[in-house]
Amino acid sequence: MQLASRIYEADSIASVQELYHANGWTDGLPIVPPTEDAVLACLERVMMTPDQLIGIEPVRGLPIVAEKLAINAVMAGCLPMHFPVVVTAWMAMMREEFLMHGATASTGGCAVLVVINGPIRQEIGATGSFNALGNSDRATAVIGRAIRLCLINLMDVRPGAIDRSTLGHPGKFSYCVAEDEDDLAWTTLAEQRGLPREASAVTVMAAGAPRQIMNEWTTKPEEILETFAAEMRANLRHYSIHPGNYALIIPRQLREHLQTANWSKSDIAAFIHERARIHRREWADVGKGNVVRDRGDSVYPAMQSADQLLVIAAGGPAGGFGAVIPPWLGDKSHAVTLPIGACVDCEPPPSVKGSVP
């Protein structure tokens, strides 16, 4: 295979780093030089030619081809075995319902959360255990970073250019987690969204920063989940009242209490849907009284329906912690799940939500 990208020569690793920093091609961290052999190895892993079209960014009409994704994946530190996840995540992000331009250009400053399910987790060493939201392993760290480097270099999503984030959040460096499926009595996230458990899959979500909660003083599901719901109500008050996809990260300690009581992910979603809602008049309590007007009794749920909640099992085994990951801006962007390795020209299975190009 012949690559089309321009070749640069440098006489030292330090010169390589300065070349990339000087041209604005990095996220501020050092990169792995994307040699021709390394890029070709990624392409061979997914059996793609360099010019294979991954998709066209719908707002600006930017074509995204496999070679450019591979270059940025290598720069992020990806090995060839990580590249199928990067490709599939990008296919998902380019679905119309994800609204990639809005999510990456907004002043709201969200990042792309990537969730990995299925056998590929074990193949690439993505654990979903200790420090799950803090780059717990090589695979999730480099895959999440590859998403960001591709945005920077393929779509000019640089701070102050397309990226107009007022604050952003640390997840913009890397925001990838594998679901802990090893002892999972629950359905996986990908199963929730219509895929078979034996399929490897990627879910992407335009997401705010994680909001951590703690409740170690009860084993009752209703009380545990009320803590999550309270954090979501706080987000409705302090950030956005628009309903959309929320994600809950539930580590093992809290998960075991819920599973012992035979609460399924559907039960959790139904409870949260009922509890995570506020009256418009509550805005007056947080300095937003001017926009309450005569609609104080109007009720605003965090999600339009229970199935908008993404329940993800992840985190270390000890500690009564959890996290709520809020949406960027309600229903403007929808989470998308795709199977890894599926034919890009195939029709989606009828039950898959927001899936398969």
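Modeller: Four bridges link β6 to strand β11 (residues 321-325), and the two run antiparallel. Helices (H or I, at least four residues) and strands (E, at least two) are DSSP runs, numbered from the N terminus. This is a predicted model: local features need pLDDT of at least 70, side-chain atom pairs count only at pLDDT 80 or more, and totals for chains, interfaces and linings use all residues. Residues are numbered from 1 along each chain as its sequence is written, and side-chain values use heavy atoms, with hydrogens and water left out.

Colleague: Which residue stands opposite Q212 in β11?

Modeller: A323 does.

Colleague: What is the strand order in that open sheet?

Modeller: β6-β11-β7-β10, with mixed pairing. Two strands pair if DSSP finds at least two bridges between them. β6 (211-214) and β10 are at the edges with a single partner strand each, so one side of each has no neighbour in the sheet. Neighbouring strands are turned by 20° against each other on average, direction ignored.

Colleague: Which strands does α9 lie across?

Modeller: β6, β7, β10 and β11, at about 145° to β6. Axes are lines fitted to C-alpha atoms, for helices over the stretch in contact, and angles run from 0 to 180 degrees between N-to-C directions. Contact means heavy atoms within 4.5 Å. α11 lies across β7 and β10, at about 135° to β10.

Colleague: Stay on α11. Which of its residues are buried?

Modeller: In α11 (residues 265-275), K265, I268, A269, F271, I272 and H273 are buried. Buried means under 20% relative accessible area (1.4 Å probe, protein chains only). Their cover includes α8 (189-192), α9 (221-238) and α10 (252-260).

Colleague: New topic. What is the order of the other open sheet, β4 included?

Modeller: β4-β3-β5-β12, four strands with mixed pairing. The edge strands are β4 (176-178) and β12 (336-339). Three bridges join β3 (residues 111-117) to β4, and these run parallel. V114 has C176 as its bridge partner in β4.

Colleague: Which helix lies across β3, β5 and β12?

Modeller: α4 (residues 83-93), at about 50° to β5 (201-207).

Colleague: What is E57 in contact with, leaving aside neighbours within four places in sequence?

Modeller: L62, M94, M100, H101 and M155.

Technical notes: Buried < 20%, exposed > 50% of the residue type's maximum accessible area, 1.4 Å probe, protein only.
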